[in-house]
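I opened my notebook for a first look at this structure. Here is what I looked up, entry by entry.

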Amino acid sequence: MRHLAVAVLLLVLVDPFLARTIGFALSVLASAGIVWWASAWAAVATWCPRPLAEAIAVPLAAHLATLPVVAAISGAVSVSGLLANALAGPFVGPATVLGFAAAGLSLVSPWLAGIAGWGASWCAQLIIWVAHAGAALPGAAWKWPATPIALGVLALAAIVLGMSVRLLAQHRWLAVGASVLLVASMLTGPVRPGWPPRDWRIVACDVGQGDGLFLRAGPRQAVVVDVGPDPAVIRRCLAELRIRSVPVVVLTHFHADHVGGLSGVVGRVPVGQVWVSPHASPVAEAAEVRELTLAAGVALRSPALGETGRAGEVWWQVLGPVGAVSGETAEVGESAESGAENDASLVLRVGVAGLTVLLTGDVEPAGQARILATGVDLHADVLKLPHHGSSRQDPRFFAATGARVAIASAGKDNLYGHPAPSTVRLATGLGMSVLRTDQQGSVAITERDGQLGAVTTINAR
């Protein structure tokens with residue numbers, strides 16, 4: 001530890017700005033954890049082969065020592081990181097040595113440098129595969145608030161755990177039991193008391209800046225409307241809601257914050273059909289959706305305007321898009337094509353066991369006005385705010401819904417200002433209670449004896 005302290009002091013004297021970098025802090029803490037804990041833990045685990053004991057002790061020590069800082073920058077506690085680091089550890093040394101060798105050999109022989117670089121690249125590829133596999137586990141990371149009190153509690157917990165590992169390492173069955181508990185946590189994910197509520201009908205998952213909604217079609221079955229930007233997040237939503245089959249996935253339009261997470265549903269659980277907007281733009285995202293559904297053998301189609309249908313307890317009617325879409329709807333600062341893509345959103349009026357919800361994608365005022373002009377029934381108990389609650393809304397469209405609850409699906413501290421204060425005022429002025437995923441986490445709407453209720457992951461009990 002003295003040597004580490006001297007090294008840190010000298011480095012900060014040479015480059016004082018290191019003291020302000022997260023990477024330096026993580027390196028120092030990880031090194032300190034390994035020096036202080038790892039060898040002692042490996043030494044007392046006499047029942048375990050020494051190489052295996054060290055392979056576990058080193059990443060565990062680094063993991064515990066850096067836990068508060070990682071939580072501060074990510075808002076989460078990594079659970080799979082320990083296992084991933086242990087599995088990836090044997091490839092780090094070869095990747096580093098071969099990489100440096102390739103750089104040096106490039107001055108002498110490009111052919112030899114290519115061989116060394118090829119070896120380094122395969123070591124790096126194995127590390128990447130381990131990282132992706134770890135991140136894909138349901139319990140890979142647990143959310144943790146990055147507040148001073150919460151981080152202080154986490155730091156104290158890390159110290160207590162660090163002091164307890166020595167005792168665990170001395171007893172084989174205690175260590176095995178802790179390992180089994182850790183693996184179970186990674187495979188099942190965190191359990192929130194009271195979540196999901198038993199009588200949920202609609203859940204707007206907190207997918208960040210995007211949409212990801214679940215409509216309960218029956219036991220362990222749901223219709224999914226949009227899948228957010230991240231497959232891992234929507235996959236966790238599936239696991240939390242215990243969904244085992246999806247009759248229909250509705251992708252309202254092809255923007256990445258609505259379709260990016262599709263691989264977290266298709267290929268993970270049985271999916272009957274995928275519905276998409278008739279306006280196949282952006283082209284790259286539309287092509288990815290086609291390729292993914294084709295590879296999974298899932299039917300892909302664009303429903304017709306006015307089409308109705310049912311899946312279990314869910315019924316629907318397609319209300320939009322109406323007419324041709326154009327660039328005239330674009331917001332200031334956005335491309336005309338983006339506005340056209342928003343107004344090409346599938347808009348559905350959906351019923352779930354007596355509860356009605358209007359799902360609006362990112363439809364903008366011109367598209368809202370065209371739907372209004374058709375005279376179709378827009379009445380709903382719940383309104384999914386169009387375009388994450390952006391400032392561009394048609395008040396007549398909102399009023400026609402008569403909704404009692406409005407849901408804004410948006411990311412925390414997003415750069416777009418969603419939901420806009422003017423839109424929140426519009427909804428509340430019409431008597432709607434506004435629920436926001438950026439402030440309240442995932443939102444579940446319940447219904448019992450005609451009474452609407454709401455449970456969020458922030459206040460779940």
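Before the first entry I noted what a pocket is: on a 1 Å grid over the protein atoms alone, an open set of points where a 1.4 Å probe fits, with protein on both sides within 12 Å along at least five of seven lines. Its volume is the space filled by probe spheres set on the points.

The model is predicted, with local features needing pLDDT of at least 70 and side-chain atom pairs pLDDT 80 or more, while totals for chains, interfaces and linings use all residues. Residues are numbered from 1 along each chain, and side-chain values use heavy atoms, without hydrogens and water.

Entry one, the largest pocket. I found about 1,300 Å³ of space in the largest pocket. Its lining has 40 residues, counted when an atom lies within 4 Å of a point. Leu60, Leu82, Ala178, Ser179 and Leu182 lie nearest the centre. By class, I read 34 nonpolar, five polar and one charged residues in that lining.

Entry two, a helix pair. I looked up H2 and H6, which pack at an angle of about 25° with axes 7 Å apart. That makes H2 roughly parallel to H6, a label for angles under 35 degrees. On the H2 side, the contact (heavy atoms within 4.5 Å) is made by Trp37, Ala40, Trp41 and Val44. H6 brings residues including Ala158, Gly162 and Arg166.

Entry three, Thr437. I placed Thr437 in helix H15, residues 437–440. Is Thr437 buried or exposed? Thr437 is buried, at a relative accessible area of 1%, where buried means under 20%.

Note on methods:
Nonpolar A, V, L, I, M, F, W, Y, C, P; charged D, E, K, R; others polar. Axes fitted to C-alpha atoms, helices over the stretch in contact; angles between N-to-C directions. Helix = DSSP H or I, 4+ residues; strand = E, 2+ residues; numbered from the N terminus. Parallel < 35°, antiparallel > 145°, perpendicular 65-115°, else oblique. Buried < 20%, exposed > 50% of the residue type's maximum accessible area, 1.4 Å probe, protein only.
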